[in-house]
Amino acid sequence: DKDAIVATMALCEAATYYKSLGKTLWDAMIDMYDKYGYWIDDIVTITMEGVDGIEKIKSIMSLLRKDIPRKIGDYDVIAVRDYDTDVVRNLHTGAETPTFLPKSNVLYFELTNDTWLCVRPSGTEPKIKFYFGVKGTSLENAKELSSAFAVELNKLVTSLVNA
């Protein structure tokens, strides 16, 4: 769609810039990874058909709001942003601040080690989506952390689906 055109133009501009420095886009990406860390983002999507599926998705969102997980695998949950209620809650201090963003049925969990998890129901399909990101010290380490987090996330998702 229209966003792809602008993104492609920006990528072409970046390629031209890095070529003038004698680098490829890959070189530039590795430089950024070396400077900021090796980030990997992924998604777990659960499809739940029918009226029962829609109700289950609502139930999962409600459960996550009511009983905020304090830990996911090896990661402590530091804060949760609830865009539906416009509240950011620090789980260590209990402090609450507004998100200052439009209302949306989205939960965003900040975890230790710069890890994050974002949960939202699809607006067009009978699905609930669990987006997440981890930061590693190398590409291999990031892949390992991402795989391990996905296993722990699947355990959490299974417990929510079966609740």
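This is a predicted model: local features need pLDDT of at least 70, side-chain atom pairs count only at pLDDT 80 or more; totals for chains, interfaces and linings use all residues.

Reader: What does the C-alpha trace span along its principal axes?
Author: The C-alpha trace spans about 55 × 35 × 30 Å along those axes. The accessible surface is about 10100 Å², and carbon and sulfur atoms hold 57% of that surface.

Reader: How many of the residues are buried, as a percentage?
Author: Of the 163 residues in the protein, 33% are buried. As for contacts with a separation of 6 or more, 51% of them involve residues 24 or more positions apart.

Reader: And the charges, how many positive and negative side chains are there?
Author: There are 19 positive and 24 negative side chains, and the centres of these two sets are 3 Å apart.

Reader: Moving to the helices, why does the span of helix 1 agree with what it should be?
Author: Helix 1 covers residues 2-20, and at 1.5 Å a residue its 19 residues should span 27 Å, so the 28 Å between its end C-alpha atoms agrees with that value. Helix 2, residues 25-36, has twelve residues and reaches 16 Å from its first C-alpha to its last, close to the expected 16 Å.

Reader: Where else is phi positive, in a residue other than glycine?
Author: Asp86 has a positive phi near 60°, and Phe100 has one near 65°. For background, most residues other than glycine have a negative phi.

Reader: What about Thr99, buried or exposed?
Author: Thr99 is also placed in the loop between strand 5 and strand 6, but it counts as buried, because its relative accessibility is 12% and the cut-off for buried is under 20%.

Reader: What does the side chain of Thr99 reach?
Author: The side chain of Thr99 makes a polar contact with the side chain of Asp86 at 2.4 Å, and it also reaches the backbone nitrogen of Leu101 at 3.2 Å. Leaving out residues up to four places away in sequence, Thr99 touches Arg81, Asp82, Tyr83, Asp86, Val87 and Val88.

Reader: Which residues does Pro98 contact?
Author: Beyond its neighbours within four places in sequence, Pro98 is in contact with Asp86 and Val88. Pro98 lies in the loop between strand 5 (96-97) and strand 6 (107-111), and it is partly exposed at 35% relative accessible area. Its C-alpha is 8.9 Å from that of Tyr83, with 15 residues of sequence between the two positions.

Reader: Changing topic, where is Ser122, and is it buried or exposed?
Author: Ser122 sits in the loop between strand 7 (116-121) and strand 8 (127-136), and it is buried, with a relative accessible area of 13%.

Reader: Which backbone nitrogens does the side chain of Ser122 lie by?
Author: The side chain of Ser122 reaches the backbone nitrogen of Thr124 at 3.1 Å, and one of its polar atoms lies 3.0 Å from the backbone nitrogen of Glu125. Apart from neighbours within four places in sequence, Ser122 is in contact with Lys127 and Lys129.

Reader: Last one, what does the side chain of Lys71 make a polar contact with?
Author: The partner is the side chain of Asp76, at 2.9 Å. Lys71 is found in strand 2 (residues 71-72), and at 46% relative accessibility it counts as partly exposed.

Methods: Residues are numbered from 1 along each chain as its sequence is written. Side-chain values use heavy atoms; hydrogens and water are left out. Helices (H or I, at least four residues) and strands (E, at least two) are DSSP runs, numbered from the N terminus. Buried means under 20% relative accessible area, exposed over 50%, partly exposed in between (1.4 Å probe, protein chains only). A polar contact is a pair of N or O atoms within 3.5 Å; within protein, one must be able to donate a hydrogen and the other to accept it, and residues adjacent in sequence count only if both atoms are side-chain atoms. Contact means heavy atoms within 4.5 Å. Accessible areas come from the Shrake-Rupley method with a 1.4 Å probe; for residues, only the protein chains shown count as cover. Lys and Arg count as positive and Asp and Glu as negative; His and the chain ends are not counted. The place of a charge is taken as NZ of Lys, CZ of Arg, CG of Asp or CD of Glu. The expected span of a helix is 1.5 Å times one less than its number of residues.
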